[in-house]
Amino acid sequence: LAAFIFILFVAVGYLGYAHYAIRSQVETPVLHEEIAAREAPVAQGEVLADPLSLDDYLQVDVTIKPGKMILVRNCTGIAMTTTVDKTYSIERGVESKLTERPNEHDLIYDVINNYGSKVLSVKMSRATKDVFYATILLERDSQVLGLDAKPSDALALAARFNAPVYIKGDIFEKHKQNVCEK
């Protein structure tokens with residue numbers, strides 16, 4: 001039994017390393033000094049040409065309901081579905097609530113914060129059907145880094161850093177609904 005557990009441990013460790021090696025070959029962050037602005041989500045670790053430009057973007061507030069994130073501007077908004085765990089995490093960030101054990105967003109917050117970085121903002125720049133794409137803009141030592149992220153993860157970090165959330169105006173117009181209570 002001890003030999004079997006040892007072999008299983010080695011096999012799982014090897015598979016985990018192989019998965020990491022494959023991911024790191026595909027997703028290795030590459031820093032570029034200048035990249036033309038574009039509509040597609042940024043590559044992981046890509047430095048944006050003008051990341052702080054808010055041309056064609058609208059600032060939105062985030063409202064949370066179980067399993068839904070709603071990007072709100074006046075009485076219109078876009079509802080996006082996600083897991084209850086993610087909405088709970090976003091809500092915890094908004095309310096600055098801490099629990100006994102940190103979740104993944106709390107850990108990412110600690111890593112970013114402890115390395116002297118901060119989340120400047122979150123931008124939603126693209127949507128295909130009902131899939132939305134977000135970019136987290138990080139700043140460290142006057143360098144801005146854009147990271148492609150799921151909207152739920154981006155919103156959870158924005159909440160923890162009190163960072164503003166923006167969405168492209170045309171995306172908001174295309175997907176918006178009336179969200180005011182009647």
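Reader: Is the crossing of α2 and α4 left-handed or right-handed, and what makes the term apply?

Author: The crossing of α2 and α4 is left-handed; the term applies if the near helix is turned anticlockwise from the far one by less than a right angle, whereas clockwise gives right-handed. The model is predicted: local features need pLDDT of at least 70, side-chain atom pairs count only at pLDDT 80 or more, and totals for chains, interfaces and linings use all residues. Residues are numbered from 1 along each chain as its sequence is written, and side-chain values use heavy atoms, leaving out hydrogens and water.

Reader: Why are α2 and α4 called roughly parallel to each other?

Author: Helix α2 (residues 84-94) packs against helix α4 (residues 151-161) at an angle of about 15°, with axes 7 Å apart. Angles under 35 degrees count as roughly parallel, and therefore α2 and α4 are described in that way.

Reader: Which residues of α2 and α4 meet?

Author: With contact meaning heavy atoms within 4.5 Å, K86, S89, I90, R92, G93 and V94 of α2 meet S152, D153, L155, A156, A159 and R160 of α4. By class, this contact has five nonpolar, three polar and four charged residues.

Reader: How do you know that β1 and β2 pair?

Author: Pairing requires that DSSP finds at least two bridges between two strands; five bridges join β1 (residues 57-65) to β2 (residues 68-73), and these strands run antiparallel. In β2, M69 is the bridge partner of I64.

Reader: What makes β2 and β3 a pair?

Author: Six bridges link β2 to β3 (residues 76-81) in the antiparallel sense. In their hairpin, with two residues between the strands, N74 takes a positive phi near 60°.

Key
Helix = DSSP H or I, 4+ residues; strand = E, 2+ residues; numbered from the N terminus. Axes fitted to C-alpha atoms, helices over the stretch in contact; angles between N-to-C directions. Parallel < 35°, antiparallel > 145°, perpendicular 65-115°, else oblique. Nonpolar A, V, L, I, M, F, W, Y, C, P; charged D, E, K, R; others polar.
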